[in-house]
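Have the sequence and the coordinates open side by side.

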Amino acid sequence: MKSEPVIEIAFGQGGNDAFHLGTGWSGEEPGFRWTVGARSEIWLNHPGFASDLILELEVSPFIAPGLPAQRLRVRLRETLIAETALTGPCKLGFRVPVSALTDTAPLRFVFDHPDARRPADFGNEEDVRQLAVCFRRLLLSPILGHLDTTRADPIPGLTAADIGALTGSPAVQFMQRFESLGDNCEFGLVQRRCGAEPLGLLRFANLELRQLLNGLELRFEGLGERAGLEFWLSDGARREYVVRDRRYALVFHTFLYQGEISEDELLEKQSRRLGFLVRKLLQDLENGEKLFVCKRNIPLTESEILALHAALKRFGATTLLWVVPADDDHPAGCVDQILPGLLRGYVDRFAPYENAHDLSLEPWLSVCVNAAKLVGCDALAT
């Protein structure tokens, strides 16, 4: 089920924030507005229904030498929603419990930012405002579906040969139901170990979360245009062409090697390929038949994942499988359902970036089978 924002606020010149602002804001600036002082408020209309919500923020902190981060606390009236530290531009999502929506009165969100400082203290003598966080956009979306959490326990000793008996599909077919959302080649190689070679824009690619979110918002407009592509040759005896799209900072393997193709033909071929893969990704998102896998060796925070989950839900009934390192309470191979369409799976370790082939296959397979179990096999029918 697609989830559209019920409230969208754009800040600054050309925006619609003016009638929602309480205390603690600067004047409008091109596409943004600063928080000023230690606290800011914004008032939003009640969404008109009883549901947990996702509050999304697109923000940037005021940082400077000796001021590496801005602490941000988010409250709805007196209910604490989140606490975080901002170190750079980001898009974040926070879960707002329905219990905080006590009546039909307007929603008063309070942002505490105790690290506000004057740019004048860092060399900008003309700006004496106490600045903390630059706000660009705010979205409020409902969480649709059943909210009960569920866990699927690890499947010990699982091999690719076992997948058919557990899922009704041989491993080579089953693993094509998943699609990587980038980071490195690890999950693409998990699929390869099962004999699956699905086409995917981000299967053997590196893409930072912020660029992924921007790409989803823009439907990856302009990705793969030939003028925006550059390449280099990898090290080693057999030198592979590695290509980068400058607009989204997307870096990916071509599996083409020096001497196999001319450089002009390389860029022309990769431009056409990227255009096709973008169209395929958008169609897969809208169809809602795949599980999209997000892992990062430096694990993402829940607020980062909630922003990604909300962005995917704007395409349709997608499911996001967020994979993180196991811990004492979450053994490798288990999967938790934490929101409708959002699963968290656990592996014992990730492959190092310098050697994605050094992966831990068994827990990855357990996570994939358990994820399919939690969303229901019918939802993943090929």
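At 37% relative accessibility, Phe 255 is classed as partly exposed, because its value falls between the 20% limit for buried and the 50% limit for exposed. This is a predicted model. Phe 255 sits in strand β15, which covers residues 250–257. Its phi is near 55 degrees, a positive value in a residue other than glycine.

Arg 219 also has a phi near 55 degrees, again positive and again not in a glycine. Where is Arg 219? The loop between α4 and β13 (229–233) holds it. With a relative accessibility of 39%, Arg 219 counts as partly exposed.

Strand β15 belongs to an open sheet of four strands. The order is β12-β15-β14-β13, and the pairing is antiparallel. Which strands stand at the edges? They are β12 (205–206) and β13, and each pairs on one side only. Strand β13 pairs with strand β14 (residues 240–245) in the antiparallel sense, over five bridges. Within that pairing, Leu 233 stands opposite Tyr 241 in β14. Helix α5 packs on this sheet and touches β13, β14 and β15. The direction of α5 makes about 125 degrees with that of β15.

Gln 270 lies in α5, the helix of residues 263–287. Is Gln 270 buried or exposed? Gln 270 is buried, with a relative accessible area of 2%. Beyond residues up to four places away in sequence, Gln 270 touches Leu 229, Val 243, Phe 252, Thr 254 and Leu 256.

Ala 205 is buried, at 2% relative accessible area. Leaving aside neighbours within four places in sequence, Ala 205 is in contact with Leu 250, Val 251 and Phe 252, and also with Gly 182, Asp 183 and Asn 184. Lys 373 is 168 residues from Ala 205 along the chain, and 28 Å separates their C-alpha atoms.

How many bridges join β11 to strand β16? There are three, and β11 and β16 (residues 291–295) run parallel. Ser 180 has Val 293 in β16 as its bridge partner.

## Strands β4 and β7

Strand β7 spans residues 90–96. Six of its seven residues are buried, so β7 is largely enclosed by the rest of the structure. It pairs with strand β4 (residues 53–61) in the antiparallel sense over seven bridges. In this pairing, Glu 56 stands opposite Gly 93 in β7.

## Helices α4 and α6

Helix α4 (residues 209–218) packs against helix α6 (residues 302–313) at an angle of about 20 degrees, with the axes 10 Å apart. That angle makes α4 roughly parallel to α6. The crossing of α4 and α6 is left-handed.

What does each helix bring to the contact? From α4 come Leu 209, Leu 212, Leu 213 and Leu 216. From α6 come Glu 304, Ala 307, Leu 308, Ala 311 and Leu 312. Eight residues of this contact are nonpolar, none are polar and one is charged.

## A buried cysteine, and a summary

Cys 194 is in the loop between α3 (186–193) and β12. Cys 194 is buried, with a relative accessible area of 9%. Apart from neighbours within four places in sequence, Cys 194 contacts Ala 160, Ala 171, Val 172, Met 175 and Leu 365. Phe 276 is 82 residues from Cys 194 in sequence and 25 Å away in space, C-alpha to C-alpha.

The table gathers the single residues discussed above.

| Residue | Relative accessibility | Class |
|---|---|---|
| Ala 205 | 2% | buried |
| Gln 270 | 2% | buried |
| Cys 194 | 9% | buried |
| Phe 255 | 37% | partly exposed |
| Arg 219 | 39% | partly exposed |

Definitions and conventions
Residues are numbered from 1 along each chain as its sequence is written. This is a predicted model: local features need pLDDT of at least 70, side-chain atom pairs count only at pLDDT 80 or more; totals for chains, interfaces and linings use all residues. Side-chain values use heavy atoms; hydrogens and water are left out. Axes are lines fitted to C-alpha atoms, for helices over the stretch in contact, and angles run from 0 to 180 degrees between N-to-C directions. Helices (H or I, at least four residues) and strands (E, at least two) are DSSP runs, numbered from the N terminus. Angles under 35 degrees count as roughly parallel, over 145 as roughly antiparallel, 65 to 115 as roughly perpendicular and the rest as oblique. A crossing is left-handed if the near helix is turned anticlockwise from the far one by less than a right angle, and right-handed if clockwise. Contact means heavy atoms within 4.5 Å. Ala, Val, Leu, Ile, Met, Phe, Trp, Tyr, Cys and Pro count as nonpolar, Asp, Glu, Lys and Arg as charged, and the others, Gly among them, as polar. Two strands pair if DSSP finds at least two bridges between them. Buried means under 20% relative accessible area, exposed over 50%, partly exposed in between (1.4 Å probe, protein chains only).
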